[in-house]
Amino acid sequence: MTKVLYPGSFDPITKGHMNIIEQASNLFDEVVIAVLQNPMKKSGLFTVEERFEIIKELYKNFDNIKVVTGSGASVDIAIAYGCKAIIRGLRSLSDYDYEVGLEQINKDISDNLVNTVCLFADREYQFISSSVVKEVLNLGKDISKYVEPLVKEKMLVKRGMIHEK
C-alpha cells in the first residue's frame, strides 16, 4: 500500500487544495492530509482543530483519505504515518522554485526515506490560494467559486457575517 502525506495549513481549504487531494487519491492507495499550524503565521482564520473538523467532514465518505493534525517537520509526520512521499501542489513557477529547495531539505532530514511528489492544480484552480480567498471575503465578495459550501458557511460564521445553523 502506497501512502502519501499532503501537509498544509489549509486556512481555509480551497478547491485548489481539494483538486490536488483528488488527484493524489486517484494515484495512491491512501492520502493522509496533515493539518498543520504554519509557524511563520501568528494566527489564522480557523484554529487547527476547526480546520481538522472541516476537512474531516468534507472527506468523511472517502475510504482512502485520512485527516490528521500534527506539528513539527512534515517528514517526521510522513514517517510516523508510513508515508513514502509528501505531496505538494504547484500553481506557478515561484511555487516550483520554493518546492525544489524544500524537497532537497526534506530528503536530507529524512535520511532519504521521504520523497516529494509535485502535482499541478488544474487550470481553473491555479490562481486560488487561502490568503486570496480570505482577502476576497474581507472585501465582501462571493467566494463560492473558490471553496466548498461548507467552507464558505464556516468562514461567514467565523467573520460574523451569518449565524451558524
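Visitor: What follows H4, and what is its phi?
Guide: That's Asp-111, with a positive phi, near 55 degrees. Bear in mind that this is a predicted model, where local features need pLDDT of at least 70 and side-chain atom pairs count only at pLDDT 80 or more, while totals for chains, interfaces and linings use all residues. Residues are numbered from 1 along each chain as its sequence is written, and side-chain values use heavy atoms, leaving out hydrogens and water.

Visitor: What makes H4 a helix, and how does its reach compare with the one expected?
Guide: Helices here are DSSP runs of H or I with at least four residues, and strands are runs of E with at least two, numbered from the N terminus. H4 covers residues 93–109, so 17 residues. The expected span is 1.5 Å times one less than the number of residues.

Visitor: Which residues of H4 are buried, and how do you know which side they are on?
Guide: Asp-95, Glu-99 and Asn-106 are the buried ones. Buried means under 20% relative accessible area, exposed over 50%, and partly exposed in between, with a 1.4 Å probe and protein chains only. They cover an arc of only 30 degrees around the axis, so they sit on the same side of H4; the arc is that of the directions from the helix axis to the C-beta atoms. On the other side, Leu-93, Ser-94, Asp-97 and Asp-108 are exposed. The buried residues pack against helix H3 (74–80), strand S4 (85–90) and strand S5 (115–120).

Visitor: What makes Tyr-6 and Phe-10 a pair, and of which kind?
Guide: Rings of Phe, Tyr and Trp (its six-membered ring) pair if their centres lie within 6.5 Å; planes under 30 degrees apart are stacked, over 60 edge-to-face, and the rest tilted. Tyr-6 and Phe-10 have centres 5.3 Å apart and planes at 65 degrees, so this pair is edge-to-face. Both residues are buried. The structure holds three aromatic pairs.

Visitor: Why is the pair of Tyr-59 and Phe-62 given the name it has?
Guide: With centres 5.2 Å apart and planes at 65 degrees, the rings of Tyr-59 and Phe-62 are edge-to-face. Tyr-59 has a relative accessible area of 7%, so Tyr-59 is buried, whereas Phe-62, at 41%, is partly exposed.

Note on methods: Contact = heavy atoms within 4.5 Å.
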